[in-house]
Amino acid sequence: MPTDFTLPELGEQIESGDVLRVLVNPGDTITKDQAVLELETDKATIEVPSSVAGKVKEIKVKAGDKVKVGQAILSVENGAEGSSTKAEGALKQAAAKADPAKAGAAPKPPEAKSEAAKAGEAAPKPPEAKSEAAKAGDEAPDMQPDVEAQNQSSKADKAGVKGASVDAQAEDDDDRGARSVSASAREESERGAPPDDSRGKNVVDISRGARAAADTPGPSPELPPAPAAPSVRRMARELGVDVNEVSGSGAGGRISVDDVKAHTKRLVAGGAAGGGAARVPLPDFTRWGAVERQPMRAVRRKTAGHLTAAWTTIPHVTQFDLADITGLEELRKKYTKQVEAAGGNLTVTAIAVKVVAAALRVFPQFNASIDMAADEIIVKKYVNVGVAVDTDRGLLVPVIRDADRKNIVQLSVELVQLSEKARTRKISLEEMQGGCFSISNLGGIGGTYFTPIVNAPEVAILGISRARMEPVYDKDSGQFAPRFMLPLSMSYDHRVIDGADGIRFLRWVAEALEQPFLLSLQG
């Protein structure tokens with residue numbers, strides 16, 4: 001019987017990708033772990049290995065398709081490994097249902113989860129989902145009814161009030177007692193509690209990240225109710241917050257009063273308390289001539305979303321300066337061949353990485369991130385510098401780790417390797433994560449100054465433009481002399497960095513480029 005191979009989980013927060021190439025054809029015989037698909041995700045291109053073996057019967061995707069985790073990619077005959085995995089997953093699922101205590105604390109792997117879903121099983125519910133599981137008709141003895149989504153007889157209502165009041169007291173010390181909780185529970189039931197015949201469908205979504213649509217197939221007219229006590233719901237209403245959009249920090253995604261407050265702070269900090277700016281509708285461009293609609297590729301979509309969020313949530317300040325790199329340019333030309341022999345390229349960018357890494361040690365507030373929800377600034381004790389690379393897919397930012405511990409030759413070699421990986425689609429997601437500060441050098445193309453956008457969650461970014469020879473007045477000789485001047489532009493998050501600190505940092509970088517000895521003296 002044919003066995004489907006579905007797209008496995010690809011990494012943290014990666015839910016989909018664009019198919020670049022299908023590496024097999026119908027009729028081919030594939031083995032387990034053989035690459036069958038080349039997929040472009042938000043920031044990287046990866047080859048997806050098969051978890052099944054056998055003869056390919058049908059290819060269910062094609063180049064250009066957007067596929068999601070769990071979607072069928074192909075089907076094979078004699079898929080022994082796949083069948084084995086499915087059977088194993090189903091057996092584990094059945095065992096977990098029969099004896100939850102023996103189910104184990106370890107979560108089921110994503111692949112087993114998807115296979116079990118195909119076998120018609122439902123993932124076991126954690127303890128925090130007990131209340132909703134009870135509504136679904138689960139007869140497990142440790143499940144308790146939740147008063148929020150029930151509208152039953154007065155006897156059942158009283159029992160529910162007792163459980164809800166405990167929840168309310170734990171979440172809100174100012175709660176007015178069981179009576180007000182009961183009133184709120186009844187109010188919730190009257191406002192939107194699902195009818196009895198739909199309770200089995202509205203199981204609490206315990207993933208509790210952003211409340212995404214349920215993974216179960218078929219249409220879903222409404223989201224399951226958020227797991228929150230009546231007192232928490234009341235506070236959300238008073239603050240004008242949709243409780244269904246709040247991420248819960250409790251076990252199983254349970255939402256507390258603090259979660260609602262933190263969510264409200266994030267909305268206010270991001271200027272989105274009113275629900276965000278409405279999109280301006282586009283005119284009909286065909287009125288003035290022919291047009292072509294091109295789908296956004298994964299990298300462009302990710303870049304657009306990331307930079308929009310950064311621009312709307314970070315109060316940007318950009319400062320500019322000039323560095324006299326006449327002496328540095330002479331040294332760069334002198335040692336270029338030595339670095340090339342080591343496999344690198346002695347560029348201004350590579351030197352700037354070293355300078356910035358040293359500056360982050362001198363100015364630790366630039367090596368930080370801000371946590372508005374916790375009212376904290378996170379200062380990092382490591383120095384990883386990202387460098388923007390222009391590729392045919394868009395802008396990618398590989399990260400050089402521990403840049404402060406490497407010399408300029410090592411940085412030059414690593415920068416060449418990472419840039420080549422980015423351009424040939426060989427770079428991994430891990431190699432583009434964990435940056436503390438970013439550098440964008442447009443000098444190879446041209447321009448004087450620009451305003452780079454901070455690469456959140458970092459708090460600053462340095463822009464470098466094309467150096468040019470300019471007349472500079474020498475006060476000692478009283479004459480103008482030609483000097484090779486490098487334009488620098490630095491944007492930073494004004495919530496973390498003050499203007500005075502911003503110009504001190506940028507001046508330090510400029511002086512380090514002008515006088516490399518400063519790196520040894522202070523860096």
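**Entry 1: strand β8**

I began with strand β8 (residues 72-77), which is mostly covered, with five of its six residues buried. By buried I mean under 20% relative accessible area, with exposed over 50% and partly exposed in between (1.4 Å probe, protein chains only). Helices (H or I, at least four residues) and strands (E, at least two) are DSSP runs, numbered from the N terminus.

A note to myself on the source: this is a predicted model, where local features need pLDDT of at least 70 and side-chain atom pairs count only at pLDDT 80 or more, while totals for chains, interfaces and linings use all residues. Residues are numbered from 1 along each chain as its sequence is written, and side-chain values use heavy atoms, leaving out hydrogens and water.

Which strands pair with β8? I count two strands as paired if DSSP finds at least two bridges between them. Strand β1 (residues 3-6) runs antiparallel to β8 and is joined to it by four bridges. There, Thr 6 has Ala 72 of β8 as its bridge partner.

**Entry 2: strand β2**

Next I looked up strand β2 (residues 16-22). Five of its seven residues are buried, so β2 is largely enclosed by the rest of the structure. I found an antiparallel pairing with strand β7 (residues 66-68) over three bridges, in which Gly 17 is partnered by Val 67 of β7. Strand β4 (residues 35-40) pairs with β2 in the antiparallel sense too, over four bridges, and Val 19 stands opposite Leu 39 of β4.

**Entry 3: helix α10 and the cores**

Then I moved to helix α10 (residues 348-362). This helix of 15 residues reaches 21 Å from its first C-alpha to its last, close to the 21 Å expected at 1.5 Å a residue; the expected span is 1.5 Å times one less than the number of residues. Of its 15 residues, 13 are buried.

I also looked up the nonpolar cores, meaning sets of buried Ala, Val, Leu, Ile, Met, Phe, Trp, Tyr and Cys residues joined through side-chain atoms within 4.5 Å. The largest one has 54 residues, and those with the most contacts inside it include Ile 439, Leu 462 and Phe 505. Which element gives the largest share of this core? Helix α10 does, with 11 residues.

Leaving aside residues up to four places away in sequence, Ile 439 touches (heavy atoms within 4.5 Å) several residues, among them Ala 352, Val 353, Val 356, Leu 462 and Ile 464. Apart from this core lies another, of 16 residues, including Leu 7, Val 24, Ile 30 and Val 67.

**Entry 4: aromatic rings**

Last, I checked the rings. Rings of Phe, Tyr and Trp (its six-membered ring) pair if their centres lie within 6.5 Å; planes under 30 degrees apart count as stacked, over 60 as edge-to-face and the rest as tilted. I get six aromatic pairs by this rule. Phe 363 and Phe 366 have ring centres 6.3 Å apart and planes at 80 degrees, so they are edge-to-face, and both are buried. Phe 363 and Phe 505 are edge-to-face as well, because their centres are 5.6 Å apart and their planes at 70 degrees. That pair links distant parts of the chain, 142 residues apart: Phe 363 is in the loop between α10 and β10 (368-371), and Phe 505 is in helix α12. I noted one aromatic cluster formed by Phe 363, Phe 366, Phe 437 and Phe 505.
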